[in-house]
Amino acid sequence: MRKADAIPILIIVFFLTIFLVLVFLVEEFTEGFGEAIRLIASSDPEILSITLRSIYISGTATVLSILWCVPIGVALGLSSFVGKRFIKGLFNALLGIPTVALGLILYLLFSSSGPLGSLNLFLNPLGVSIGQAILITPIIISFITSAVEAVDPDIKDLAKTLGASETEASFMVLKESTSGVVLAVVAGFNRAIAELGVVLMIGQNLRGRTRVLTATIALETTRGNIAVSIALAIILLTIVLSISLLTNLAQRRLK
Amino acid sequence: MSVLAELEHISKNYGKIKALDDVTLKVRKGEIFTLVGPNGSGKTTLLKILACIERPDSGNVYIHGERVESRNRDRVKLSTTLVFQRTTLFSSSVYDNVAYGLRLREMPKVQIEEDVRNALEMVKLEGYENRLAKKLSGGEQQRISLARALALNTPLLLLDEPTANLDPRSVSVIEEVIRMANRQRDTTILIATHNVFQAERTAGKAALLLDGRIVEMGTVDELLWGRSRNLAKFSRLENIFSGVSEVSGEGISCIRLDGEVVIESALQERGRVTVFVRPEDIIVSRDRFESSARNVFVGRVVGVSGRGSLVRLRVDAGAEFVVQVTRRSFVELGLNVGSRVFLTFKASSVQLV
């Protein structure tokens with residue numbers, strides 16, 4: 001096994017250890033953990049639908065984001081112009097944007113009295129997806145830009161001298177940076193599925209409509225339903241970490 | 001012979017650096033043209049402009065008599081291809097690398113397979129199709145680059161330092177392929193090199209590029225053997241000696257260098273002269289031997305350099321000489337720094353700068 005594969009596994013082991021320690025130390029946790037395992041094992045329909053909805057909403061967000069991030073990231077990575085460093089710096093700074101702040105801005109835009117109220121994005125899963133897509137844009141663009149910049153600068157000229165047009169040559173550069181682009185997409189998806197601010201502000205955690213894993217964990221914990229929270233947290237961690245693990249494996253297979 | 005490619009008053013700057021300065025050049029159909037120049041003289045820029053992947057700041061490029069412009073660049077570009085000095089490969093299989101340009105030309109699959117196979121055969125890497133290109137050795141990688149260009153069978157093939165830093169086997173394969181492509185397919189070839197001796201091996205016509213300007217043009221012989229002050233300047237031909245020449249009665253002259261060394265030459269010049277001796281014209285031996293050569297010096301090896309099949313030695317024999325021997329001779333003579341050696345060369349090997 002290689003180091004890269006070991007990292008997600010180590011993280012899983014780390015969290016499981018914390019869970020187990022808590023199980024023994026905290027009484028609430030002890031009961032909750034057993035219940036959580038039962039809920040997952042019995043594939044509770046509510047938990048299942050929340051999980052699938054989370055994947056769907058964040059998956060849509062990632063796909064939307066790719067639509068604009070790939071062209072921008074590739075263009076930014078390939079070009080050199082005055083102010084490029086400023087733009088890159090801007091995206092890097094936006095990596096740390098507080099999700100609640102972004103959620104608030106989107107709330108003001110999307111709510112029925114806001115300028116985009118007529119689009120009906122408020123309390124709408126698509127609205128949540130768009131919000132998450134905006135949230136993960138800086139991550140994906142930064143990663144793709146770096147990946148493209150890391151490609152041998154002669155690749156573009158090489159493709160051209162072999163007959164490629166400007167667009168075909170840029171596509172070849174993108175292809176050469178595949179592993180970086182995949183990493184960008186995975187990081188984006190993981191950030192989207194793990195965030196809470198946009199989900200709460202735009203989706204308002206409507207049962208059966210915009211209720212996703214993170215919001216439900218927050219809700220059920222405040223309600224005292226520790227078992228459900230733990231079950232959902234385990235599922236969330238499993239999704240995030242297994243995607244990272246699969247990506248690592250797939251990239252090694254491709255190489 | 002008709003002109004295949006032509007540069008007309010081409011200039012190109014990168015910021016403040018003048019890469020090319022009013023370069024005019026004609027490459028005729030079917031010839032091997034060598035562009036000689038030191039690193040940084042603008043060779044790569046010139047090749048990229050001919051390959052239509054770099055635009056000149058001013059001047060015109062003609063391929064097949066057609067002026068290259070924005071609107072026809074993508075089409076005209078298809079009749080030429082450039083092999084880079086620094087081997088650049090796609091992170092894919094050898095097959096995908098070689099097939100890339102053919103796929104862009106929308107050739108049928110069967111044709112692509114055949115062309116890839118033929119190209120790999122030419123560079124003596126048949127059967128390498130499924131190997132990962134980047135996992136091959138340096139020489140093999142450069143041959144893949146060449147195969148990728150050959151597969152396209154473009155009328156004009158541009159090679160940027162095709163054999164720099166390669167193993168001897170790859171050098172000989174590449175030089176052979178270049179000649180073969182020229183002879184059998186009538187491919188017009190332009191080679192850029194800083195190695196004048198490569199120019200001598202492969203080429204018919206040559207131009208000397210210095211600081212972005214073409215300072216001389218002619219056959220390789222004219223360039224190498226002519227009284228080219230520029231060439232001596234550029235190639236930093238190490239064995240350049242200054243001294244006072246006296247003509248003796250027997251048609252030879254004795255050039256007394258600033259040290260005690262006297263070089264005999266066949267030149268009929270008097271007074272202050274600067275001469276050079278090509279490193280490979282000097283015979284290195286462990287012992288003195290009888291020969292017709294007029295110049296014999298004894299000295300010690302003070303430096304050894306070079307990779308591949310040739311080794312360059314710096315020898316202190318009163319004046320410092322640079323000589324070139326094959327690695328095999330180097331090993332068989334048991335040479336190393338400090339070795340005592342004799343240097344022998346003919347009076348007629350002494351050239352006037």
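**Notes on the predicted model: a helix pair and a chain contact**

1. Let's start with who touches whom in one helix pair. On the helix 7 side of chain A you'll find A:I155, A:K156, A:A159 and A:K160, and they meet A:E168, A:A169, A:M172, A:V173 and A:E176 of helix 8 of chain A. Sorted by class, the residues of this contact come out as five nonpolar, no polar and four charged. Keep in mind that this is a predicted model.

2. Now the geometry of that pair. Helix 7 of chain A covers residues 154-161 and helix 8 of chain A covers residues 166-176; they pack at an angle of about 135°, and their axes are 8 Å apart. Angles over 145 degrees would count as roughly antiparallel and 65 to 115 as roughly perpendicular, so helix 7 and helix 8 of chain A are oblique to each other. As for handedness, helix 7 of chain A passes helix 8 of chain A in a right-handed crossing.

3. Stepping back to chain A as a whole: it has twelve helices and zero strands. Its C-alpha atoms fill a box of roughly 65 × 55 × 30 Å along the principal axes. Chain A has 255 residues, and 38% of them count as buried. Of the contacts in chain A between residues at least 6 apart in sequence, 77% join residues at least 24 apart.

4. Finally, the partner chain. Here 18 residues of chain B are in contact with 13 residues of chain A. On the chain B side, strand 6 (80-83) and helix 3 (94-104) are the elements giving two or more residues, and helix 3 of chain B has the largest share, three residues. By class, that side of chain B has nine nonpolar, four polar and five charged residues.

Definitions and conventions: Residues numbered from 1 in each chain as written. Chains lettered and ligands numbered in written order. Predicted model: local features only at pLDDT ≥ 70, side-chain atom pairs only at ≥ 80, totals over all residues. Contact = placed C-beta atoms within 7 Å. Helix = DSSP H or I, 4+ residues; strand = E, 2+ residues; numbered from the N terminus. Nonpolar A, V, L, I, M, F, W, Y, C, P; charged D, E, K, R; others polar. Axes fitted to C-alpha atoms, helices over the stretch in contact; angles between N-to-C directions. Parallel < 35°, antiparallel > 145°, perpendicular 65-115°, else oblique. Left-handed = near helix turned anticlockwise from the far one by under 90°. Buried ≥ 20, exposed ≤ 12 C-beta atoms within 10 Å, placed from the backbone.
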